[in-house]
Amino acid sequence: MSSLSTHVLDAVRGAPAAGVAVDLYRGDRLLGTGSTDADGRVARLADDLTPAVYRLVFDTGGYFAQQRIDTFYPEVSISFAVGEERHYHVPLLLSPFAFSTYRGS
């Protein structure tokens with residue numbers, strides 16, 4: 001079975017985004033929750049992923065509200081496919097008015 005981690009970087013501050021709530025779904029079923037640590041990471045969000053399409057939902061609105069910064073994106077949702085058995089890492093580069101992601105290692 002595959003495992004999953006994530007990392008959120010705040011592009012405005014040029015630093016890790018600590019305290020971002022993250023939920024993991026398969027379809028409409030909530031599989032796990034976490035919050036980024038001081039380094040902006042959730043090291044182990046799931047350890048038993050089977051091949052399927054999953055979705056990470058980041059509470060970016062809550063993160064920016066804590067800093068008293070307006071944001072256009074109250075949440076970021078990233079769907080991705082798990083295929084072969086391996087570790088999957090999904091980074092998020094974040095700012096109040098833009099975001100990007102990629103398949104990490």
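Guide: The following turns treat the sheet, then one hairpin, then the core. This is a predicted model, in which local features need pLDDT of at least 70, side-chain atom pairs count only at pLDDT 80 or more, and totals for chains, interfaces and linings use all residues. Residues are numbered from 1 along each chain as its sequence is written, and side-chain values use heavy atoms, without hydrogens and water.

Visitor: In what order do the four strands of the open sheet lie?

Guide: Strands are DSSP runs of E with at least two residues, numbered from the N terminus, and two of them pair if DSSP finds at least two bridges between them. Here the order is β4-β3-β6-β7, with antiparallel pairing. The edge strands, β4 (29-35) and β7, each pair on one side only.

Visitor: How many bridges join β3 to β4?

Guide: Six bridges join this antiparallel pair, while four join β3 to β6. Y25 has L30 as its bridge partner in β4 and stands opposite R55 in β6. The hairpin of β3 and β4 has two residues between the strands, and G27 takes a positive phi near 65° there.

Visitor: Which residues touch the most other members of the largest nonpolar core?

Guide: In soluble globular proteins, nonpolar side chains tend to be buried together. A nonpolar core is a set of buried (under 20% relative accessible area, 1.4 Å probe, protein chains only) Ala, Val, Leu, Ile, Met, Phe, Trp, Tyr and Cys residues joined through side-chain atoms within 4.5 Å. Of the 24 residues in this core, they are L4, L24, L56, F58 and F80.

Conventions
Buried means under 20% relative accessible area, exposed over 50%, partly exposed in between (1.4 Å probe, protein chains only).
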